[in-house]
Amino acid sequence: MGSNALTRRTGRIIATGRAVLALLFLLGVWLDPTIPPHREVYSFLLVSCYLLWTALLMIVSWRSWWFDFRLGLSAQSIDIGVLLVAIGFAEHHSIAFQGPFPAFVAFLLVVATTRWGWRATATTALVLTLANLAIVSTLSGLDTDADLFRLFRTTAQMIVMSSLMIWMSISLRGERMVRFAEPPGLLGERMDLVLNSGLKQIAAELGARQVVMAFATNEEPWVEFRHYSRSGTSARRAGPAEFGDQLNVAMPPALFNVGKGRLIALENARPNALKTPVMCRLARIYGIDEGIFVPLQTATGSGHIIAWDCEMLSVDDLATLRALADQIGHALDREEAASLARKVAESGVRNAVARDLHDSVAQFLAGALFRLEALRRWISEGHDPYSEIDSIKNALRLEQGHLRKLIERLRRGEEGDRRTEIADELRGLLHEAGAHWQIETELVLPEQSQWVSIQLSHEIRQLVREGIANAVRHGKCRKVCVTLSDDDGFLKLSISDDGIGFPEMPVAIRPRSISERVEALGGQFRIDSTTKGARLDIAIRTGVFA
């Protein structure tokens, strides 16, 4: 039955405990010398009949989860009645509430707590307390030597015991000691492993030989069937015509028997027995006659799970399976959230790499083509090409160094704690850009040094490279001026040229690479263009990383 059998078989444990108490009750009546002789025969006959009744309930609890649940309330009522009648027959006022009766009272309170909750416990306690007062008071009234202290003591004991059981029932309401053991692996890439592990754990918890799940996402019409058995797990997909829209119908966890039309559904944390046709398409598809059903709800879809061919079934399994299904659903939601987060992160990395390649390698290659075309004209005019070739070679070496730094940056990540003086970075950059594009450059810096992080320095370099390349290629400029200033926590960068500006267009021009990079930095930029040149103004809050 598995190591968890005792925690999931409330009906059978209650039936066994009732039978043991009945047997002890019978022995107590038989061996107790204090019972009046004229009552001993009636007491012995009553308890003997009760013992046969408890034996019948034991057989029922081990053979039918349906009748075990349906007879629960009747059995509790008979237990209370037998206890009260036995007190009247067997107890004498001087020994009231002794012998097996305290254990029987405790048993009734435990049964009410485990089966129905605190309301049933309170009702049982109230009935027992009032009946005990009435019976013992009546018996005491027949004898002038009544022990009133014993009467009040036993009543107080019942009240204290009942209060503790009610408190325990309220405190533990709805809790189930079951935890889904998530499979190992990288979060966001374990969807199949989570589903397979979930079905396997359900089978282990319930002692089921087979478990099946039908699941459909909110965005896809397909229904995925996943079937677990002792030989392994198989999966298949089917169109919506095979399953319809039943997955979207709210259905509670339930024990069911299709052939007999029996259903015990867990509604509002309380089981409810129904004699009704079982309308479960998943059970019909797999030919399941008797089993336990639970819905599976996630943020991305819904499903049904059925376990069958079980060693035994119990109403206790409804809460256990619901708790396990909730945890599986939460695990699937975490997988989906991690997968989406990874996709967003990968998209951000791809965009960042694309911007870096565009602003560095692509623009350098465009400038190299520009210089090679000029070199060809230079050679055709009969000039010495060697100095220009050496200059291009030096530029290629410098760009190779920049590319290696970019690769190293991607491999190791950013060194966010390191800082650099941005003026030195820009001086070298403008010198390289002027030689590469064969233009004049000018750098205007503030009086105070501007220290920024390594990452922000890289972003500014890329913005300047892209701005100069655009000014030369599209604006046909001969000079570019870069101005850097610091204004109330904002680093302001201005790139102006003496070119022809941008052509007039109905929609304002927004250079894609510059726009994405500035937005990633949380900054702002503006472009002004005339026939005498263009100006790009960028404002970035210092300390902000891309």
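Arg190 counts as buried, at 6% relative accessibility; buried means under 20% relative accessible area, exposed means over 50%, and partly exposed lies in between, with a 1.4 Å probe and protein chains only. The side chain of Arg190 meets that of Glu182 in a salt bridge, at 2.9 Å from N to O. Here a salt bridge is a side-chain nitrogen of Lys or Arg within 4 Å of a carboxyl oxygen of Asp or Glu. Glu182 is partly exposed, with a relative accessible area of 33%. Both residues belong to a network of salt bridges that also links Arg334 and Glu335. The structure holds 14 salt bridges.

The model is a predicted one, in which local features need pLDDT of at least 70 and side-chain atom pairs count only at pLDDT 80 or more, while totals for chains, interfaces and linings use all residues. Residues are numbered from 1 along each chain as its sequence is written, and side-chain values use heavy atoms, with hydrogens and water left out.

Helix α9 covers residues 191-206. Helices (H or I, at least four residues) and strands (E, at least two) are DSSP runs, numbered from the N terminus. The 16 residues of α9 reach 23 Å from the first C-alpha to the last, close to the 22 Å expected at 1.5 Å a residue; the expected span is 1.5 Å times one less than the number of residues. Among the buried residues of α9 are Val194, Leu195, Gly198, Leu199 and Ile202. The helix is followed by Gly207, whose phi is positive, near 65°.

A salt bridge joins the side chains of Asp192 and Arg226, at 3.2 Å from N to O. Asp192 lies in helix α9 and Arg226 in strand β2 (residues 223-229), so the pair ties together parts that are 34 residues apart in sequence. Asp192 is partly exposed, with a relative accessible area of 47%, whereas Arg226 counts as buried at 5%.

Another salt bridge is formed by Arg517 and Glu459, whose closest N and O atoms are 2.7 Å apart. This pair links distant parts of the chain, with Arg517 in helix α16 (residues 512-520) and Glu459 in helix α15 (residues 454-473), 58 residues apart. Both Arg517 and Glu459 are buried.

Confidence is expressed as pLDDT, the predictor's confidence in each residue, from 0 to 100. The protein chain averages a pLDDT of 78, and 78% of the residues score at least 70. Over residues 92-97 pLDDT stays under 50, and the model has 20 contacts beyond four places in sequence for them, a contact being heavy atoms within 4.5 Å.
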